[in-house]
Amino acid sequence: MEDAIDKRALYTLSYGLYIVCSKKGDKFNGQVANAVMQVTSDPVVLAACLHKENLTTECIRDSGVFSVSVLGEDTPMTFIGNFGFKCGRDFNKFEKCSFETGKTGAPLVLEHSLAVMEARVVKEVDIFTHVLFFGEVLFSRRLGEGRPLTYAHYREIKKGRSPRNAPTFILNEMP
Ligand SMILES: Cc1cc2nc3c(=O)[nH]c(=O)nc-3n(C[C@H](O)[C@H](O)[C@H](O)COP(=O)(O)O)c2cc1C
């Protein structure tokens with residue numbers, strides 16, 4: 001019998017790749033996420049869907065703010081590895097990464113970033129394994145030219161995969 005969920009269908013969805021950051025007290029953290037998008041224009045609201053176990057989720061719940069850094073196509077895999085396959089509970093991801101503290105207090109990753117934006121959480125939705133944060137954008141800034149990194153480029157050209165906490169985890173087996 002045919003599978004009810006055809007992963008080839010899900011694989012046609014398009015995403016960018018971002019670093020979503022936040023803070024808890026004076027501790028900064030951030031993670032790679034593909035599940036980020038703009039959902040309204042007035043006010044400008046972003047949605048970001050993060051796994052409940054992630055330290056970044058804990059930070060956003062604590063501070064009520066998050067930032068999004070838009071990664072460029074030439075972002076090295078080692079950089080994505082640090083932010084996307086490791087947890088900030090085990091080491092400080094900001095030790096070897098250039099960043100600044102944003103106006104909301106959330107860290108902004110500057111390295112390999114084409115743009116940064118800062119948002120204040122206006123709504124939080126529990127969705128099974130994840131939390132969907134809606135954040136009103138208070139500040140945004142373009143940092144450089146270049147092409148944003150897409151999930152398709154990450155998979156097809158960089159040959160990258162996704163860890164268990166990523167929504168795209170189930171697409172790892174796609175050729
Ligand atoms: C390509 C890629 C896409 C990812 N997308 C998401 C995502 O949209 N949401 C999510 O919760 N985790 C996503 N992740 C996984 C997190 O980045 C990963 O679990 C990270 O280790 C969490 O770090 P933290 O515990 O320090 O917050 C993705 C990872 C990669 C490599």
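The model is predicted; I took local features only at pLDDT of at least 70 and side-chain atom pairs only at pLDDT 80 or more, while totals for chains, interfaces and linings use all residues. I number residues from 1 along each chain as its sequence is written.

**Fold.** I found four helices and nine strands in the protein. These are DSSP runs, helices being H or I of at least four residues and strands E of at least two, numbered from the N terminus. Along the sequence the pattern reads α-β-β-β-β-α-β-α-β-β-β-β-α. The C-alpha trace spans about 55 × 35 × 35 Å along its principal axes.

**Helix α2.** I looked up residues 55-63 and found T56, T57, C59 and I60 buried (20 or more other C-beta atoms within 10 Å of the residue's own, C-beta atoms being placed from the backbone). They share one side of α2, because their arc around the axis is only 160° (taken from the directions from the helix axis to the C-beta atoms). The buried residues of α2 pack against β1 (18-24), β2 (27-33), β4 (44-51), β5 (65-71), β8 (113-127) and β9 (130-142). Just after α2, G64 has a positive phi of about 75°.

**Ligand shell.** I counted 27 residues around the ligand (C-beta atom, placed from the backbone, within 6 Å). The closest are A35, T56, G84, G88 and A166. Elements giving two or more residues to this shell are β2, β4, α2 and α3 (77-84). The largest share, four residues, comes from β2.

How values were computed
Buried ≥ 20, exposed ≤ 12 C-beta atoms within 10 Å, placed from the backbone. Contact = placed C-beta atoms within 7 Å.
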